[in-house]
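The sequence and structure come first.

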Amino acid sequence: MPTSAHELPLEMVRNRPQLVPTILRTVFGLDILGEPSITSESFADLSPAELRCDATVLFDTRDKRTHGVIVESQQRFDDGKRYSWPAYIALLRLRHKCGATLLVLCPDENSARRCAAPIDMGHPRWVLEPLTVHPGLLPPITDPDEAARMPELAVLSAPAHADGPHASAVVSAVAAAIDTLTGDTGPLYHDYLRTLLSDAARKLLEDTVTTAGYEWQSDFAKTHIAEGRAEGRAEGEADAVLSVLETRGITVPNDIRDKVTGCTDIDQLKRWVRRAVVIDHAEELFD
C-alpha cells in the first residue's frame, strides 16, 4: 500500500484519472478531447529500456487516441529530470501517435517553480516547459457535494486553504468526501492529508470528523485520529509546564525544554505542571 508523499498523489491519479484533465483545465485552461484512462507507466519495450515515468493517462474518443499525459510526482527539484522528462514525452508520442503533455505534481510553490524551468532541447525554438502544480494553485473546495465528486482534488487542494478564510468549509468538505470512499482509500487519503496540514488545521479536521460522526472504514484511520488527539493534548500540557516556569521567571535550559516537549505521557505532564507551580529551579521538575 502506498504511503509516501511521492506515491499518494500518483495513487490518486490511478484511482481517478479524471483528476488529470480537471487539473489541466482548472489551472492551465487546457481542454483535452476524449475520455481519460490510466495505462502502462513503463517504456521498457522501447530504447532506452530503463526509462519509467510515474504515471500515464491516455485520452480516447470513440474512434481514436487524442492525447497522452505524463504525470510525475516531484517532491524537490532534480536536475536529472531535465533529461528524462523530454524522453518520456517523445516516447509516449512515438508509441501512441498523439500529442503529449507533461504534468508535474509538487508539494509547494518553491519546488513547482524550480521544476517549471524551461528545458532547452538545443534545437532552435524547441523548448519544453513543464506544467507544474502545487496545492496553492488549486481552488478551495467548500461544497461537500463537489468534494465528493472529486475527493482527490479536494485532498490535494485542502492543505493550501485549510488555514485561510474558508478553513472550516474546506475541512468539512474534504472530511465528508473522504467518508464517501470505500475500503482503505478513505483512511489512506485521511492519513496523507494529516501529514500536510498545519497543527491548527489538523485539529480542525479531527474535531470535524468527531462532530460529524464519520465512520472511517478501517481501524487504521481511527487509530491515527486517536493518536492525533493524544498528541494535541500532550503538546498542550507541555506548553502549560513551560508557561508556568517562564511566568514565574524560572530559566528553562534547552535539555529540560526538550525533555518536556518530547514527553507524550499526559499524566506525567500533568504532574510536571503541578510541580512547576512550587519549584524554584527547572532541574527540580524531575525530582
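## Basis

Helices (H or I, at least four residues) and strands (E, at least two) are DSSP runs, numbered from the N terminus. This is a predicted model, in which local features need pLDDT of at least 70 and side-chain atom pairs count only at pLDDT 80 or more, while totals for chains, interfaces and linings use all residues. Residues are numbered from 1 along each chain as its sequence is written, and side-chain values use heavy atoms, with hydrogens and water left out.

## Confidence

The mean pLDDT (the predictor's confidence in each residue, from 0 to 100) of the chain is 85, and 87% of its residues reach 70 or more. Over residues 45-49 the pLDDT is below 50, and this stretch has seven contacts (heavy atoms within 4.5 Å) beyond near neighbours in sequence.

Where pLDDT is low, the predicted coordinates should not be read in detail.

## Helices α1 and α8

Helix α1 (residues 7-15) packs with α8 at an angle of about 145°, their axes 11 Å apart. Axes are lines fitted to C-alpha atoms, for helices over the stretch in contact, and angles run from 0 to 180 degrees between N-to-C directions. On the α8 side, the contact is made by Thr185, Leu188, Tyr189 and Tyr192; α1 supplies Leu8, Pro9, Glu11, Met12 and Asn15.

## Second largest pocket

A pocket is an open set of points on a 1 Å grid over the protein atoms alone, where a 1.4 Å probe fits, with protein on both sides within 12 Å along at least five of seven lines; lining residues have an atom within 4 Å of a point. Of the 16 residues that line the second largest pocket, Cys106, Pro107, Pro135, Leu156 and Tyr192 are the closest to its centre. α6 (151-161) and α8 (185-196) each supply at least two lining residues; the largest share, three residues, comes from α6.
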